[in-house]
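Reader: Hi! I am new to reading protein models, and I would like to know where the labels come from. Could you walk me through this one?

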Amino acid sequence: MSIFRKKATAGDAAPPPPRRRLSPRAIFWQAALLVALAAIAAWLVMNARAALDARGMTSGLGFLFDQAQFSLGEAFFVFHPGETYLTAFAVGLGNTVMVSVVSIITASLLGTLVGLARLSRNGLASGLAQAYVYAFRNTPQLVQIVFWYSFFTLLPHARDSWSIGELIFASNRGVALPAPENGAVFAQAAAAGFVGFLVAWGVSILVERRRRRTGLRWKPLRLVQLALILAPALVVWAAAGAPADWSVPHLKGFNFKGGATLSPEFLAIYFGLSFYIAAYIAEIVRAGIGSVDFGQFEAANTIGLSKGDIYRRIVAPQALRVIIPPLAAQYVSLLKNSSLGVAIGYPDLFSISNTMLTYSGRTIEVLCIMAAVYLVMALAIGAVSNAANRYFAIPGRTS
């Protein structure tokens, strides 16, 4: 065996780190810790069970199928007295998901625009964007939600409502706007269009890989993507009889009939969540774009790329590696902060859970279910974020 070692070069792979071996003492103390934690958990469960038995209270999840004798405020999903607690819980979950999804979309778009404005050379645009960020980041979110709720409830009565083209009406009852007569078909067509969007995205990835491999562009790509997005939605719409009737709100009595009405509670939580999180997303976008070396811009200009191609092909892929992790954290924060809707009476998951535990007396069960659902939704956002991180990661780099 040679006594000389080969000199390491830059191309040599680093040797794998030595596997750490646990000593018997370390194994003993870790096992003791696990046993102690299990004993504490068992003690807590037995004490809670004994307290319930002493008060003549039962435990378990069977109450979910009992009839609930309460009503809920207006939101996306309606609940009537006499339905089960499980249905009430599903309504709260649906309302939370809906307000979180639309708020995430709005906050992402608004935050991106404000973040780009922060980088603008126009002093007015940059100053306004900076003022927006400072104002919304440095005031409590609950105060903002209550402000928006007060704003919408102080609008004129329905008879004196603000109108836009006699189609959209804003009053202290909320905002009434036109809606399709057959909302179910519209929702199915939208879902089909979303599936088509995912397919079009996959096609664009395959085409981009082919372009990098061969250098050839596929000119009809944009038309194919548009067809993939629109075709499924049009097929679903045509299969349902192509309904084209729309319901326009009109004043009848003291309120509007027809169309769709967004309640002041929903509007308050929607604006409160969207504008607050958008301020944080703006700073994340600004920092992500700022992390791209300026030499990348100069090199792209040198080879004649347009400004749109520079941001789409050069800046965005590099900036997203910095943007995605903190962006996912803001999405999780938005989801959890939707529980602040309880302050204004929006029937979200947290608000309905509070009502359920008051009427059913199953405090521990309701709180555990609510915490588990929030945990699952937050982990789902984390899983999507991890998938996006892997997609935008530099090939061959694991960190």
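Reader: Which residue stands opposite A176 in β8?

Author: A176 stands opposite T261 there. Before we go on, please note that this is a predicted model, where local features need pLDDT of at least 70 and side-chain atom pairs count only at pLDDT 80 or more, while totals for chains, interfaces and linings use all residues. Residues are numbered from 1 along each chain as its sequence is written, and side-chain values use heavy atoms, with hydrogens and water left out.

Reader: What makes β3 and β8 a pair?

Author: Two strands pair if DSSP finds at least two bridges between them. β3 (residues 174-177) and β8 (residues 260-262) have 3 bridges, in the antiparallel sense, so they meet that rule. Strands themselves are DSSP runs of E, at least two residues long, and helices are runs of H or I, at least four long, both numbered from the N terminus.

Reader: How do you know that β2 pairs with β3?

Author: β2 (residues 168-171) also has 3 antiparallel bridges to β3; in one of them, A170 is the partner of V175. The two strands form a hairpin, with 2 residues between them.

Reader: Why is A200 called buried?

Author: Buried means under 20% relative accessible area, exposed means over 50%, and partly exposed is in between (1.4 Å probe, protein chains only). A200, in helix α5 (residues 183-214), has 3% relative accessibility, so A200 counts as buried.

Reader: And why is L44 called partly exposed?

Author: L44 has a relative accessible area of 47%, so it is partly exposed. L44 lies in helix α1 (residues 24-54).

Reader: What does A200 touch, leaving out residues up to four places away in sequence?

Author: A200 touches Q225, L228 and I229, where contact means heavy atoms within 4.5 Å. The C-alpha atoms of A200 and Q225 are separated by 4.9 Å, although these residues are 25 apart along the chain.

Reader: What makes a group of residues a nonpolar core?

Author: A nonpolar core is a set of buried Ala, Val, Leu, Ile, Met, Phe, Trp, Tyr and Cys residues joined through side-chain atoms within 4.5 Å. The largest one here has 67 residues, of which F70, Y132 and M356 touch the most other members. Helix α7 (264-290) is among those that each supply at least two residues, and α7 gives the largest share, 16 residues.
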